[in-house]
Amino acid sequence: QVQLVESGGGLVQVGGSLRLSCAASGSIFSINAMAWYRQAPGKQRELVAAITSGASTNYADSVKGRFTISREDAKNTVYLQMNSLKPEDTAIYYCNAYGWVGVRRYDYWGQGTQVTVSS
């Protein structure tokens, strides 16, 4: 089992910045990649950014150039630096970690942290 604890959400004005953190504990050796997802009211959860154990990253088109995902292995923590925030970035942000055992993928989720961008 893997436990994920997010922090860093809050209220920010348009154009502002926030940094989200996600600390992992438990069976972290089983993790292949970590990611941030978000879910806005009335919308499906969507991938925002992901980072593999080899530090390869990918981003949703809507956040490219504004958000940066990074990891600090010594602290088992992944960060999401969010700059130039827009009202459409308002959502609950969830940390995700996944690993593979054979052909089966295991997903773990944090409790979510609210990000609100006010205009």
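Guide: Start with Arg38 and Asp89, whose side chains meet in a salt bridge, 2.9 Å from N to O. The term salt bridge requires a side-chain nitrogen of Lys or Arg within 4 Å of a carboxyl oxygen of Asp or Glu. This pair links distant parts of the chain: Arg38 sits in strand E4, Asp89 in the loop between E8 and E9, and 51 residues separate them. Strands here are DSSP runs (E, at least two residues), numbered from the N terminus.

A word on the source. This is a predicted model, in which local features need pLDDT of at least 70, side-chain atom pairs count only at pLDDT 80 or more, and totals for chains, interfaces and linings use all residues. Residues are numbered from 1 along each chain as its sequence is written, and side-chain values use heavy atoms, with hydrogens and water left out.

Back to the pair. Arg38 has 6% relative accessibility, so it counts as buried. Asp89 is buried too, with a relative accessible area of 0%. The cut-offs are these: buried is under 20% relative accessible area, exposed is over 50%, and partly exposed lies in between (1.4 Å probe, protein chains only). The pair also belongs to a network of salt bridges that links Arg38, Glu46, Arg66 and Asp89.

The whole structure holds 6 salt bridges. One of them joins Lys64 to Asp61, with the closest N and O atoms 3.1 Å apart. Asp61 counts as exposed, at 63% relative accessibility. Another is formed by Arg71 and Asp73, at 2.8 Å from N to O. Arg71 is partly exposed, at 28%.

Strand E4 (residues 33–39) also holds Tyr37. The structure has 1 aromatic pair. Tyr37 and Trp109 form this edge-to-face pair, with 5.0 Å centre to centre and 65° between the planes. For such a pair, ring centres of Phe, Tyr or Trp (its six-membered ring) must lie within 6.5 Å; planes under 30 degrees apart are stacked, over 60 edge-to-face, and the rest tilted. Trp109 lies in strand E10 (residues 104–109), so the pair ties together parts 72 residues apart in sequence. Tyr37 is buried at 18% relative accessibility. Trp109 is partly exposed at 37%.

Two arginines meet rings in another way. The charged end of Arg45 sits over the ring of Tyr94, 3.8 Å from its centre. Arg105 places its charged end over the ring of Tyr98, 3.6 Å from the centre. To count, NZ of Lys or CZ of Arg must be within 6 Å of the ring centre and within 35 degrees of the ring normal.

Now the disulfide. The structure holds 1. Cys22 is joined to Cys95, S to S 2.0 Å; the cut-off is a pair of cysteine sulfur atoms within 2.5 Å. Cys22 is in strand E3 (residues 18–26) and Cys95 in strand E9 (residues 91–101), so distant parts of the chain, 73 residues apart, are linked. The S-S torsion is about -80°, so the disulfide is left-handed. Both cysteines, Cys22 and Cys95, are buried.

Strand E3 leads on to a sheet. It is an open sheet of 4 strands in the order E1-E3-E8-E7, with antiparallel pairing. Strands pair if DSSP finds at least two bridges between them. The edge strands, E1 (2–7) and E7 (67–72), each pair on one side only. E7 and strand E8 (residues 77–82) run antiparallel and are joined by 6 bridges. Ile69 has Leu80 in E8 as its bridge partner.
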